[in-house]
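Visitor: Could you take me on a close look at one part of this structure, the surface around the RNA strand?

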Amino acid sequence: MPARREKIQVEYVSINPTGPMHVGSGRNGAIGDTLANILIAAGHDVQREFYINDNGSQVHHFGASLFARYAHARGKDEPFPEDGYQGAYVAEMGKQFAAEYGEKFLQMPRAQAVREIGRAGIEIVVTALRATLEKMNVRFDNWFSERALFESGLFDQVFQSLKDKGLIYDQDDATWFAATKLGLEKDAVIIRSPNVIAEPDERPTYLAGDIAYVWNKLAVRAFDRAIYVWGADHHGDVPRVLAAAKALGLDVARITILIYQFVNLKRGGEMVRMSKRTGEFITLDELIDDVGADAVRFMLVSQSLNSTIDFDLEIAKQQSDVNPVYYVQYAHARIAGILTHAAELGASPQEGDVKLLTHAAELELIREMLRYPEIVELAATNLEPHHLAHYAIELAGTFHSFYKQCRVLSSDPADAALTRARLKLILAAKQVLANALGLIGVRAPETM
RNA sequence: GUCCCCGUAGCGCAAUUGGAUAGCGCGCAGCCCUGCGAAGGCUGAGGUUGCGAGUUCAAGCCUCGCCGGGGACGCCA
């Protein structure tokens, strides 16, 4: 148990809901969800959150792309936006909308149509994201809308607060956050110039949302701690958010932004170039269907956040041995098999006397099980989910070794007491394996 | 140019925050199923932890400098 039960929010995935997930987001989900599980196991009060970027320019871009595809599907001539989303899924959605809504979006002013179709599209994508994440056992307690930060007036409030502190200024028609006054190297635009974007509600940059959001987390909702899971490409944003939080009077020690490195997809050693434009794009969904949810999740969570993951499709598919998740699951299923057999024989772990467990392999297994709480605490303290995966492998190995050396079931009545003791032992081992796998979000199967 | 991550056995990765003989999986050379699941167990080969200095009783881990790989430095998300 921790010294103090903290109210912790873990926010993860939070990708733009404008397209399917790729493997990197899968890593984010595996990390975040596992971390949340671990913190709960360590005795904390945890809330899991997905931040939906449903505000501003990305909705516009997505909406404009979708509108164009929709219009085409209705036989109308509509120019496709230059920086639009070219993925086939957008065209597919455009067709769906054409069938479902008919002329509806063509009968309203274009700006309104783009906005409405964009929002409708995002809703559909979010539903799809949710389904993909569910497959991987990645769950959330709350889906938080970025737009709400602006519509509720919270952004205006923190903006004013920064302004009062002299940290906001206008230049080149844009509004800037004076990060240099807080020791950073550059200032950053917080509200874009009208020359760049016409629609007022699309002018706030991501930084604007991030600042309002951190205030919402720590001041409004009063979490003791806010943990973010971000990809390496966002590491440059960290100092700005922290600086802004500090300027608002928040204790930055309550904020932890975890940065994980990229996932490279490979096929037989060759890098698979992921490009939304060219269409050579392997979605997380396809990967899960191909490789299996347990294998994908285990792989993504078993490596330290600091190391880049090379995910080779050939290896992951063809040689399942390469993925130790089966090794661990096999240990669990093996125990389940013995227990089933034991029940058939009428043997029971009831009243098993652990004092009879004196074999070196038995003691080793007990020792390994006793490490579990220590590992959970280590992972919770350091926010390092990968320890659980490695521990699970080691526990499975210890069990397999025990299994070879010590027979559990015996038909000899003279062994009855030892059998009960060993049944008790493996029942415990099964539970610990299931617990470890549960934290990782991987199934603990009774049979394989 | 500045900043972040990585470099550990042929390959993929660990190493409980600086501690004793650096571990695990795959692969490789062998061995073990006429009794509980061989998706398993056992034995063996394979390491100057990228290179060079430094700090320390002690460095894979900390500091500095190189080399190599990846990422970030937008009125993009």
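Guide: Happy to; here is a walk around that surface. This is a predicted model, in which local features need pLDDT of at least 70, side-chain atom pairs count only at pLDDT 80 or more, and totals for chains, interfaces and linings use all residues. Residues are numbered from 1 along each chain as its sequence is written, chains are lettered from A and ligands numbered from 1 in the order in which they are written, and side-chain values use heavy atoms, with hydrogens and water left out.

Around RNA strand B there are 55 residues, and Asn16, Tyr206, Asn306, Arg334 and Asn382 come nearest (near means a heavy atom within 4 Å). Of the RNA strand B atoms that come within 4 Å of the protein, 69% belong to sugar and phosphate. By type, the surface holds 19 nonpolar, 23 polar and 13 charged residues (nonpolar: Ala, Val, Leu, Ile, Met, Phe, Trp, Tyr, Cys and Pro; charged: Asp, Glu, Lys and Arg; polar: the others, Gly among them).

Now for some individual atoms. The side chain of Tyr327 has an N or O atom 2.5 Å from a phosphate oxygen of RNA strand B, and the side chain of Tyr330 has one 2.5 Å from a sugar or linking oxygen. Tyr403 instead uses a polar backbone atom, 2.7 Å from a base nitrogen of RNA strand B. Elements giving two or more residues to this surface include helix H12 (325-345) and helix H15 (386-405) (helices are DSSP runs of H or I, at least four residues, numbered from the N terminus). H15 gives the largest share, eight residues.

Note on methods. Polar contact = N/O pair within 3.5 Å; in protein donor to acceptor, adjacent residues only side chain to side chain.
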